[in-house]
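Welcome! Take a moment to turn the model around on your screen, and then let us walk through it together.

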Amino acid sequence: MRAELEKLGLPVSGQQVELVGMAKKSITLLVEAQQAVLTMPFLRVQCPVPPKWQEGAHENGNVHLICLTRPWPHAAPGGTIGPEQLRSFLTDDELRSASARCLVPVVRVCR
């Protein structure tokens, strides 16, 4: 994961990179019909999102993306993450320093 992220110009340092306005759009995030579809050259994932999250993504025009380079011990595939677990993750210096963080523009089918 680290090598692929670095190929995209995303440093694995915990520092945020802004993709908004970048000429080369190798990362896209389509948010429509309460679904978010993240596409990267080496990965494509889709997940449902709550209506309020979708509204916020559309209003802001971008979302924060955090890509870990090692497993997050509190998260399980298909499981839900509670607010306290998320807060704990976002303040964990060790996990953050091993992540790539970026601000990704939101793409829409309809406007």
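This is a predicted model: local features need pLDDT of at least 70, side-chain atom pairs count only at pLDDT 80 or more; totals for chains, interfaces and linings use all residues.

**A guided walk through the chain**

With a relative accessibility of 30%, I66 counts as partly exposed. Together with I81, L86 and L90, I66 makes a nonpolar surface patch of about 290 Å².

Now step back to see the whole chain. Four helices and six strands make up the protein chain, and starting at the N terminus its elements follow the order α-β-β-β-β-α-β-α-α-β. The radius of gyration is 14 Å, close to the 13 Å that the globule rule gives for 111 residues, so the chain is as compact as a globular protein of that length. Along the principal axes, the C-alpha atoms fill a box of roughly 40 × 35 × 20 Å. Of the 111 residues, 31% are buried. The accessible surface amounts to about 7300 Å², and carbon and sulfur atoms account for 55% of that. If you count contacts between residues at least 6 apart in sequence, 62% of them join residues at least 24 apart.

Next, move along to helix α4, residues 93-97, where you will find L95. Is L95 buried or exposed? Its relative accessible area is 7%, and because buried means under 20%, L95 counts as buried. Setting aside neighbours within four places in sequence, L95 is in contact with L68, R70, P71, W72, P73 and F89. As for A76, that residue is 19 residues from L95 in sequence, and their C-alpha atoms are 16 Å apart in space.

R70 leads us on to the charged pairs. How many salt bridges does a search of the whole structure find? The search finds six, and three of them can be visited here. In one, E94 pairs with R70, with the closest N and O atoms 3.7 Å apart. This pair links distant parts of the chain, since E94 is in helix α4 and R70 is in the loop between β5 and α3 (83-90), 24 residues apart. E94 is exposed at 58% relative accessibility, whereas R70 is partly exposed at 36%.

Two other pairs stay within a single helix. R2 and E6 both belong to helix α1 (residues 2-7), four residues apart, or about one turn, and their closest N and O atoms are 3.9 Å apart. R2 is partly exposed at 40%, and E6 is partly exposed at 42%. In helix α3, E84 and R87 are three residues apart, again about one turn. Their salt bridge has its closest N and O atoms 2.5 Å apart. Here E84 is exposed at 56% relative accessibility, and R87 is partly exposed at 47%.

Definitions and conventions
Residues are numbered from 1 along each chain as its sequence is written. Side-chain values use heavy atoms; hydrogens and water are left out. Patches are made of residues with over 30% relative accessible area and no salt bridge: like charges are joined within 9 Å, nonpolar side chains (Val, Leu, Ile, Met, Phe, Trp, Tyr) within 5 Å. Accessible areas come from the Shrake-Rupley method with a 1.4 Å probe; for residues, only the protein chains shown count as cover. A salt bridge is a side-chain nitrogen of Lys or Arg within 4 Å of a carboxyl oxygen of Asp or Glu. Buried means under 20% relative accessible area, exposed over 50%, partly exposed in between (1.4 Å probe, protein chains only). The radius of gyration is taken over C-alpha atoms; the globule rule is 2.2 Å times the number of residues to the power 0.38. Contact means heavy atoms within 4.5 Å.
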